[in-house]
Every structure is written in structure tokens, then in C-alpha cells.
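Let's take a walk through this structure, starting with its open space and ending at its ligand. Have the picture ready as you read.

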Amino acid sequence: MTAEQPTSRAAQAPQSPAAIGLVPSILSADFSRLGEQVREAEEAGVQRIQIDVMDGHFVPNITMGPLIVEAVRRSTSLPLEAHLMITNPEYYIEAFARAGADVIIVHQETCPHLHRIVQQIKEAGKQAGVALNPSSPVWLLEDILSLLDLVLIMTVNPGFGGQEFIPETLPKIARLRQQLTERQLHCDLEVDGGINEHTAPLVVRAGANLLVAGSAVYNGRESVAAAVERLRRALALT
Ligand code: DX5
């Protein structure tokens with residue numbers, strides 16, 4: 001990818017709801033039957049799967065590593081996102097690449113040498129994404145945006161599923177969408193946290209084209225297929 005290339009779908013605010021990608025986060029899945037839960041999501045027509053990697057240091061929770069990425073890789077052909085909520089992600093890029101992640105997302109807040117880490121992800125042959133906590137402004141990425149395949153706007157403070165959506169993140173999503181459109185950058189705008197049938201239309205109107213959803217997809221009250229259909233119906237009204 002070269003910088004400042006004219007348009008792609010991501011460069012212009014997505015028009016049709018069908019163009020919006022759904023990305024279940026397995027953090028809320030039933031881990032006693034993880035492979036099955038991933039396949040249920042694939043059969044329900046989602047676009048990717050996100051794996052939330054937490055180290056109990058950058059965020060107050062400990063979750064999963066490359067071994068889980070490998071297990072999910074064996075369960076689906078969908079693109080996998082490894083969302084690294086860890087300090088010193090530079091030590092683990094190759095391990096997540098070998099495990100089968102297609103997109104590796106690091107947090108801007110943990111990377112003083114972000115340009116070097118983005119290069120490292122690309123040299124591993126993977127797509128590079130950068131995540132921003134709710135309090136981190138989008139201008140922090142201004143000088144590296146043209147190198148990114150994805151920006152992840154956290155719409156909750158990272159660390160847990162099932163949290164309330166933070167509405168103050170909506171203008172931030174719109175600012176990033178405007179910058180991507182003005183600079184005609186080919187970069188996905190993804191959001192993560194508190195996404196459900198009520199908040200999904202709000203983030204899409206603001207400019208998001210990929211929606212991560214954990215507890216809205218894996219909620220134990222309904223099948224994964226019914227949960228995904230519920231989100232799709234809400235998006236159809238956008
Ligand atoms: C939180 C994770 C999210 C989380 C989303 O730190 O990054 O992916 O699993 O869960 P919900 O959709 O339930 O907020």
C-alpha cells in the first residue's frame with residue numbers, strides 16, 4: 001500500500017449497511033466450545049473474528065495468547081484480528097503472525113516507537129492496525145495514518161466485555177472519518193466496545209466501517225445467528 005492513494009470503500013463513508021463489517025470478539029464466547037462458537041459466527045455471515053489479548057499490565061485483565069489464535073485459525077478461514085492490549089507488543093509480533101493472525105493491532109499508548117512496530121508488522125506480512133483508548137485523540141496518528149491498514153477506536157476503556165458504550169467517542173470517530181476521506185486514505189475505521197443494536201447505527205453514521213461486538217453476539221440468550229441477524233437488522237435502518 002502506498003500513501004495517499006485515491007479512494008477505496010474505506011476512504012468514503014460506507015454507504016450501504018451491507019458494506020459494514022461485523023467482527024465478533026471471542027472474549028464473550030463459551031471457551032469450553034470455542035471452535036464451535038467461531039464456526040457459528042462464520043456461518044452467520046460475519047466478516048472477521050477478533051481475539052482480545054490482555055496481559056494484566058496494560059489492562060486490568062489477563063486473557064489469551066498465540067495458542068488461542070492458533071486454535072481459532074484451525075476453526076475458520078475468516079480473517080483474524082489479534083488486538084494486543086499488552087505492553088511491549090514488539091516482542092510478540094512474530095509469534096502472533098506465526099499463529100495465524102491476519103491483522104495485528106497494537107495500542108498507541110504502549111508504543112513509543114510506533115512507526116518501527118508498524119514496519120515490523122508489515123515485514124511479518126500482516127496488516128497493521130493501531131488502537132486508541134477513549135481518552136487518546138486521533139491527531140496522535142496524523143503522521144502515521146497513511147501507513148496503517150486499520151485504526152481501532154475504543155468505545156469503552158479496554159479490559160472487559162459487556163461495558164457501557166462511551167458516547168463521547170462519536171465525534172472522535174467522525175473526525176477520523178473526515179481525515180481519512182480528505183486524505184483519500186485506504187484504511188479501515190473499526191470501533192470496539194458496547195456495540196449493540198442501539199449503538200451500531202450511531203457509530204456507522206459517524207463513519208465506522210468495521211464493528212467489533214462481543215456480548216451482543218455471544219450473549220447466551222439467543223443463538224449467534226439470531227444475534228448477528230439482530231445487528232444486521234439494526235444496521236439496515238441506518
Ligand atoms: C475490551 C475488548 C472488546 C470487548 C468487546 O477491551 O477489546 O473487544 O470484548 O465486548 P463488548 O462488545 O461486550 O463490549
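The largest pocket holds about 220 Å³ of space. A pocket here is an open set of points on a 1 Å grid over the protein atoms alone, with protein on both sides within 12 Å along at least five of seven lines. The lining splits into three nonpolar, seven polar and five charged residues, with Gly counted as polar.

A word on the source: this is a predicted model, where local features need pLDDT of at least 70, side-chain atom pairs count only at pLDDT 80 or more, and totals for chains, interfaces and linings use all residues. Residues are numbered from 1 along each chain as its sequence is written, and side-chain values use heavy atoms, with hydrogens and water left out.

Which side chain has an N or O atom 2.5 Å from an oxygen atom of the ligand? That's Ser 215. A backbone N or O atom of Gly 214 lies 2.8 Å from a ligand oxygen, and a polar backbone atom of Gly 194 is 2.8 Å from one too. The protein buries 100% of the 380 Å² that the ligand exposes when taken alone (Shrake-Rupley method, 1.4 Å probe).

Terms used:
A polar contact is a pair of N or O atoms within 3.5 Å; within protein, one must be able to donate a hydrogen and the other to accept it, and residues adjacent in sequence count only if both atoms are side-chain atoms. On a 1 Å grid over the protein atoms alone, a cavity is a set of points where a 1.4 Å probe fits but cannot get out, and a pocket is an open set with protein on both sides within 12 Å along at least five of seven lines; lining residues have an atom within 4 Å of a point. Grid points are joined across faces, edges and corners, and a volume is the space filled by probe spheres set on the points.
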